[in-house]
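This briefing is meant to be read beside the structure, with the sequence open for reference.

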Amino acid sequence: MNIYELQSKRRTIRKFTDKQIDYSLLEKFVEHARLSASGRNLQPIRYYIASKVELVDEIFKYVSWAGYLKGAHSPSFEERPRAYILFLYNEQTITNPRWDIGAASHAIQLMAQYEGLGTCWMGAIQRDKILKTCNISNEYSLDSLLALGYPAGSPVIEDVHNEDIKYYLDENGVLHVPKLSLDEVLIK
Ligand SMILES: Cc1cc2nc3c(=O)[nH]c(=O)nc-3n(C[C@H](O)[C@H](O)[C@H](O)COP(=O)(O)O)c2cc1C
């Protein structure tokens, strides 16, 4: 897949197969994400990989899926992610690491897509519970995380103009993700 296909085919995946992810692949994602752009090159992000079964199963209790669909598109326990990559930072050293995290998160999403994995970047999470579960030092705050696994299902996109941007499920259970058209987003 070339870079344009990777970018346009990347979709948020919320349901996964039971195939495990090699730890070395997750570490490879972090190895490359750490090279992402960084404001003032401060490189504030610290990463934590949760891939042990006990951790992954516990974290699953503390994340919320597809808010617009109010539970209708949440993975079952069998469909849960098989790993998480946490984006951590130290509040003492930086006030807003979010732009850096955006760049790193997207880089991992594309690498994961390239490797046949699906991802869901998640902000609707119970931060304190996840930090405690992973036994992470209280010097770090948790911004957001990426859930990862091999995808079960393929969401589709459709161009919209100024219409409702809420994603929805069709009668076959396929997730449709409206995207504003080029005319809408490119100011001329
Ligand atoms: C900062 C951020 C936080 C998100 N948090 C969640 C979340 O907590 N739960 C969830 O199911 N999806 C979450 N998403 C995924 C979005 O719902 C998804 O990106 C959006 O619907 C567009 O779909 P697409 O990624 O397939 O293009 C988040 C996305 C971003 C960028």
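The model is a predicted one, and its local features are given only where pLDDT is at least 70. The shell around the ligand draws at least three residues from each of two domains, domain 1 (3–154) and domain 2 (156–188). Strand E3 (118–122) and strand E7 (175–180) are the elements that give two or more residues to this shell, and each of them also pairs with other strands, E3 with E4 and E7 with E5.

**The ligand and its surroundings**

- Around the ligand there are 15 residues, and those that come nearest are Arg11, Thr12, Arg14, Ala66 and Lys179.
- Sorted by class, the shell holds eight nonpolar, three polar and four charged residues.
- Which element gives the most to the shell around the ligand? That element is E3, which contributes three residues.

**Strand E4 and its partners**

- Strand E4 (residues 141–149) is mostly covered, since nine of its nine residues are buried.
- E4 pairs with strand E2 (residues 83–89) in the antiparallel sense, and seven bridges join the two; within this pairing, isoleucine 85 has leucine 146 of E4 as its bridge partner.
- E4 also pairs with E3, again in the antiparallel sense, here over five bridges, and threonine 119 stands opposite leucine 148 in E4.

- Three strands make up an open sheet with mixed pairing, and their order is E5-E7-E6.
- Why is one side of E5 and of E6 left without a neighbour in the sheet? Strand E5 (156–160) and strand E6 (168–169) stand at the edges and have a single partner strand each, so one side of each remains without a neighbour there.

**The loop between H2 and E1**

- Arginine 40 is found in the loop between H2 and E1, and its phi is positive, at about 55 degrees, although arginine 40 is not a glycine.
- Is arginine 40 buried or exposed? Arginine 40 has a relative accessible area of 76%, so it counts as exposed, the cut-off being over 50%.
- Glutamine 43 has its place in the loop between H2 and E1, and it too has a positive phi, near 50 degrees, in a residue other than glycine; its relative accessibility of 39% makes it partly exposed.
- For background on these two values, most residues other than glycine have a negative phi.
- Leucine 42 lies in the loop between helix H2 (23–33) and strand E1 (46–50), and with a relative accessible area of 40% it is partly exposed.
- Leucine 42 and valine 156 are 114 residues apart in sequence, and their C-alpha atoms are 37 Å apart in space.

**Two residues in helices**

- Isoleucine 59 belongs to helix H3 (residues 53–59) and is buried, because its relative accessible area of 0% falls under the 20% cut-off.
- From isoleucine 59 to glycine 71 the separation is twelve residues in sequence and 17 Å in space, C-alpha to C-alpha.
- Arginine 127 belongs to helix H5 (residues 127–133) and, at 27% relative accessibility, counts as partly exposed.
- Arginine 127 and tyrosine 62 are 65 residues apart in sequence, yet 8.0 Å apart in space, C-alpha to C-alpha.

How values were computed: Residues are numbered from 1 along each chain as its sequence is written. This is a predicted model: local features need pLDDT of at least 70, side-chain atom pairs count only at pLDDT 80 or more; totals for chains, interfaces and linings use all residues. Side-chain values use heavy atoms; hydrogens and water are left out. A residue is near a molecule or strand if one of its heavy atoms lies within 4 Å of it. Helices (H or I, at least four residues) and strands (E, at least two) are DSSP runs, numbered from the N terminus. Ala, Val, Leu, Ile, Met, Phe, Trp, Tyr, Cys and Pro count as nonpolar, Asp, Glu, Lys and Arg as charged, and the others, Gly among them, as polar. Domain bounds come from an automatic or database domain assignment. Buried means under 20% relative accessible area, exposed over 50%, partly exposed in between (1.4 Å probe, protein chains only). Two strands pair if DSSP finds at least two bridges between them.
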